Amino acid sequence: MADLNIKHQDEADETREFADKGRVEIFDLDGSKMGLVRMEPGWRWSVHVKPQMGTERCMAHHLGYCAAGRMKIRMESGEEGEIGPGDTFSISPGHDAWVEGDEAFVAVDFGAPEAFARKAPPAEAAPPPIH
């Protein structure tokens with residue numbers, strides 16, 4: 001472990017893009033992960049991320065701070081909430097989310113950003129039929 005680890009926002013260890021609607025940049029700081037999230041107006045998890053995840057809802061835990069924009073969250077239970085600038089948040093797995101309004105949603109996520117928008121592993125190929 002380093003005594004000091006500083007990374008600039010353009011030094012992400014990994015970037016996951018969502019077509020033209022957003023991205024999450026993941027930073028590894030001595031084993032602790034942090035995500036810088038930017039979602040453009042029109043972004044919705046169930047439209048832009050669900051197809052690559054292979055789950056009905058987002059199954060990542062998010063723990064973060066919103067710097068700009070607004071995001072609406074709908075839990076599997078039906079509970080809803082909205083995150084805006086200056087809000088801190090904890091969102092359990094099992095939700096959908098979308099950007100509200102015409103401003104990009106920008107947040108820092110300390111939950112499990114490495115699990116967010118990770119592509120589902122490829123399904124194992126079925127063995128060839130025996131003739």
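Mentor: Let's begin with strands, which are DSSP runs of E with at least two residues, numbered from the N terminus. Keep in mind that this is a predicted model. E25, for instance, has its place in strand 2, residues 22-29.

Trainee: How many helices and strands does the chain have, and how do they run?

Mentor: The chain has 2 helices and 9 strands. Starting at the N terminus, the order is β-β-β-α-α-β-β-β-β-β-β.

Trainee: Back to E25. Why is E25 called buried?

Mentor: Buried means under 20% relative accessible area. E25 comes in at 14%, so E25 counts as buried.

Trainee: What does E25 touch, leaving out residues up to four places away in sequence?

Mentor: Q9, A12, E14, T15, M34, G35 and L36.

Trainee: What makes the E25 and R23 side chains a polar contact?

Mentor: The cut-off is an N or O pair within 3.5 Å, with one atom able to donate a hydrogen and the other to accept it. The E25 and R23 side chains are joined at 3.4 Å, so the pair passes by the polar contact rule.

Trainee: Why is D30 called partly exposed?

Mentor: Partly exposed runs between the 20% limit for buried and the 50% limit for exposed. D30 has 34% relative accessibility, so partly exposed is the label.

Trainee: Which class does H61 fall in?

Mentor: H61 is partly exposed too, because its relative accessibility is 29%. H61 is found in the loop between helix 2 (50-53) and strand 4 (62-68).

Trainee: What does H61 touch, not counting residues up to four places away in sequence?

Mentor: H61 touches S90, I91, S92, P93, D109, G111 and A112. With S90 there is also a side-chain polar contact of 3.1 Å. As for D109, it is 48 residues from H61 in sequence, with a C-alpha to C-alpha separation of 9.3 Å.

Trainee: How do you know that W98 is buried?

Mentor: Same test: the limit is under 20%, and W98 has a relative accessible area of 11%, so W98 is buried. W98 lies in strand 8, residues 95-100.

Trainee: What is W98 in contact with, leaving aside neighbours within four places in sequence?

Mentor: W43, R44, R70, M71, K72 and R74. The W98 side chain also makes a polar contact with the side chain of E100, at 2.7 Å.

Trainee: And F105, buried or exposed?

Mentor: Buried, because its relative accessible area is 3%. F105 sits in strand 9, residues 105-109. Setting aside neighbours within four places, its contacts include V37, C66, I83 and V99. The C-alpha atoms of F105 and A67 are 7.8 Å apart, though 38 residues separate the two along the chain.

Trainee: What are the labels for C58 and C66?

Mentor: C58 counts as buried because it has 2% relative accessibility. C66 has a relative accessible area of 0%, so C66 is buried as well.

Trainee: How many disulfides are there?

Mentor: The cut-off is a pair of cysteine sulfur atoms within 2.5 Å. By that rule the count comes to 0 disulfides.

Trainee: How much of the chain is buried?

Mentor: Buried residues make up 34% of the 131 residues.

Trainee: Now the largest pocket. What lines the largest pocket?

Mentor: The lining is I73, M75, E79, E80, G81, E82, I83, F89, S90 and I91. Strand 5 (70-75), strand 6 (80-83) and strand 7 (88-91) are the elements that give two or more residues to that lining. Strand 6 gives the most, with 4 residues. About 150 Å³ of space lies in the pocket.

Trainee: How does the lining of the largest pocket split by class?

Mentor: The lining has 5 nonpolar, 2 polar and 3 charged residues. Gly counts as polar under the rule used.

Note on methods
Residues numbered from 1 in each chain as written. Predicted model: local features only at pLDDT ≥ 70, side-chain atom pairs only at ≥ 80, totals over all residues. Heavy atoms only, no water. 1 Å grid on protein atoms, 1.4 Å probe; cavity = no way out; pocket = protein on both sides within 12 Å on 5 of 7 lines; lining within 4 Å. Points joined across faces, edges and corners; volume = space filled by probe spheres on them. Buried < 20%, exposed > 50% of the residue type's maximum accessible area, 1.4 Å probe, protein only. Contact = heavy atoms within 4.5 Å.
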